[in-house]
Amino acid sequence: MSERPLLQKSGHSANLTEWEGTVQELQGLVSPRALSGETMLLNMGPQHPSTHGVLRLLLELDGETVVSCVPDIGYLHTGIEKNMESKTYEQAITMTDRMDYLNPMGNNLVYCLAIEKLAELDVPERAQIVRVLLAELTRINSHLVWLGTHCLDLGAMSVFLYAMREREMILDIFEMVSGQRMMSTYFRPGGLWRDVPDEFIPAVKAFIDYFPAKVEEYETLLVNNPLWIDRTQGIGVITPEDAIAYGCTGPTLRGSGVNWDIRKAMPYMGYETYQFDVPLGEHGDVYDRFYIRMQEFKESVRIIRQAVERLEKTKGPFRSQNRKYVPPPRSELGRSMEAVIHHFKLWTEGFSLPEGEVYVSIESPRGELSCYLSSDGGTRPHRVHFRTPSFVHTMGAIPKMSEGGMIADLVGVIGSVDIVLGDCDR
Amino acid sequence: MGVTGKLGNLGVVTTTLEAAINWGRTKSMWPMLFGLACCAIEMMSTQASVYDLSRFGMELMRASPRQSDLMIVAGRVTRKMAPVLRQLYDQMPDPKYVISMGDCASCGGIFNNYAIVQGVDEVVPVDVYVAGCPPRPEQLIHGIMTLHEKVKTQRIADWA
């Protein structure tokens, strides 16, 4: 940072000349035609209704056609990875929620999986089932927000209102289990924070009975809608080869017809025991990515249905009994001196992980979400790094898909990739 | 506000100019469509079907700062974003109001580090702070109602 005072109480606007680049600095990023003034440079964002947050794109335009697209990220860089190094392993879970704020349970999950892998900590079956169930509910939740905002970008207001209505039901379930609508911090190393309440299963059942009809409703509105097809088919095409080369994952990759889903390829949390299909597209355009997510709604409901059945049959602990990592229940504290010692140790300095490093991946609603965790044997992470799908998609896929297209289709492309800037910048 | 219904069927309302202006300002306050992070999702929920912000005449979110009266700072403000935020605020026409939504915008929240501005009031003057991480839609609506109460007490003499 420069010496310039960034913050001014009132009166004058901040001096903006220092953060705005000159055209000469863009050499190599945009074509030489832009520097001679033949094509136009247009700044899109960071405050733009269709960039899904604070993404800034520098567009080089030849008339209405996008010649090149240079993403500028970091407007939401929060220093989460660095901040986690100063927290104990358990405290740092709260940070992970706020990375990809549409997928909080998934972020908790990948971080807890990394700790569990390094500590070789067991997770009881009941906790695994609840985790799968909530991760799939989170996927539906995230896809609902995607559907609403994507349609809003392309001019369909009513779908947004429907999608947010269904989303409230999921948020009520999250609030029921964790006390928070969005930032749940419900998954903990070795299992869950608390067991699910009695009302949980009826609430989930009510949702999965209600929701499939709503998906049909969205499909009636969009799938065969000529306006929707005009705006999405043949737009933002990426070939399977390019999609792999640019590191695309999740629905962005599967839209091009590549069968790659971490839940199938490298199963975690017992996903190999659930029956579900991986929907694939073939054209790699905006429509196929849209259609895949619509199918994923149904597959997620299918997984949730199986998980509810298993949860009803599975009793037992919701968290590991390994007292080196998991605090004892309060009822033990009055009887056991050992429990008091464990409790004291865990809540004053936290647990320490063995020295080493691990890398785990899960399938987030956006693609492959991975966590690299390095431990030096202490009670705080030595280094945590997240490989987030939004970052890879923003830097690679969006420029690739938008180049050669019309500027009006750019918002469709951004929406179809489903980026979350908190996930991208962290 | 006294009513003297003597002239015709319509009647006459007598009030002060101040009260009429302030009433007008509260009933069609247009917020800026400007989301930063997690709180923006809850701000969307507030606008959407269940919580329905249009009950307060505020459903029209304008994407341009030139057409908005209210900036809801929804999310964490980074050092990179702060000048942009200030520029957006300067572009808004008077009278303009700011609601700082959520802990991050109000005081930095759980992020006390190199990247996050510790409270958006270091950059722009804030009228109402809404606590929560993220605040529930009800809390944001309460913040908006609080702002409306504040606007209703404005004095013409203080304009200048």
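**Note on the domains, chains and core of a predicted model**

1. In this predicted model, the C-alpha centres of domain 1 of chain A and domain 2 of chain A lie 30 Å apart. Domain 1 of chain A covers 25-72, while domain 2 of chain A is made of two stretches, 80-322 + 348-425.

2. The two domains of chain A touch each other, with 15 residues of domain 1 in contact with 18 residues of domain 2. On the side of domain 1 of chain A that touches domain 2 of chain A, the elements giving two or more residues are strand 2 (56-62) and strand 3 (65-72) of chain A, and the largest share, six residues, comes from strand 3 of chain A. Sorted by class, this side of domain 1 of chain A has eight nonpolar, six polar and one charged residues.

3. A further contact joins the chains, and here 35 residues from chain A and 38 residues from chain B take part. On the side of chain A that touches chain B, helix 2 (80-84) and helix 6 (157-178) of chain A are the elements that give two or more residues, with the largest share, five residues, coming from helix 6 of chain A. The residues on this side of chain A divide into 19 nonpolar, 11 polar and five charged.

4. The largest nonpolar core has 159 residues, and those touching the most other members are L133(A), M71(B), V73(B), V77(B), I99(B) and M101(B). Helix 5 of chain A gives the most to this core, with 15 residues, and at least three residues are drawn from each of domain 1 and domain 2 of chain A. If neighbours within four places in sequence are left aside, L133(A) is in contact with V204(A), I304(A), A307(A), V308(A) and L311(A).

5. Helix 4 of chain A makes the contact through P104(A), M105(A), G106(A) and L109(A), and helix 5 of chain A through R131(A), L134(A), A135(A) and T138(A). Taken by class, the residues of this contact are five nonpolar, two polar and one charged.

6. Not counting residues up to four places away in sequence, Y186(A) touches M105(A), N108(A), L134(A), V177(A), S178(A), L192(A) and W193(A). Among these, M105(A) and L134(A) also belong to the contact between helix 4 and helix 5 of chain A. Y186(A) and R131(A) are 55 residues apart in sequence, and their C-alpha atoms are 9.2 Å apart in space.

7. In chain B, seven of the 10 residues of helix 3 (residues 82-91) are buried, so this helix is largely enclosed by the rest of the structure. The buried residues of helix 3 of chain B are A82(B), P83(B), V84(B), L85(B), R86(B), L88(B) and Y89(B), and what covers them includes strand 3 (70-74) of chain B.

Notes
Residues are numbered from 1 along each chain as its sequence is written. Chains are lettered from A and ligands numbered from 1 in the order in which they are written. This is a predicted model: local features need pLDDT of at least 70, side-chain atom pairs count only at pLDDT 80 or more; totals for chains, interfaces and linings use all residues. Two residues are in contact if their C-beta atoms, placed from the backbone, lie within 7 Å. Helices (H or I, at least four residues) and strands (E, at least two) are DSSP runs, numbered from the N terminus. Ala, Val, Leu, Ile, Met, Phe, Trp, Tyr, Cys and Pro count as nonpolar, Asp, Glu, Lys and Arg as charged, and the others, Gly among them, as polar. Domain bounds come from an automatic or database domain assignment. A nonpolar core is a set of buried Ala, Val, Leu, Ile, Met, Phe, Trp, Tyr and Cys residues joined through C-beta atoms within 7 Å. A residue is buried if 20 or more other C-beta atoms lie within 10 Å of its own, exposed if 12 or fewer, and partly exposed in between; C-beta atoms are placed from the backbone.
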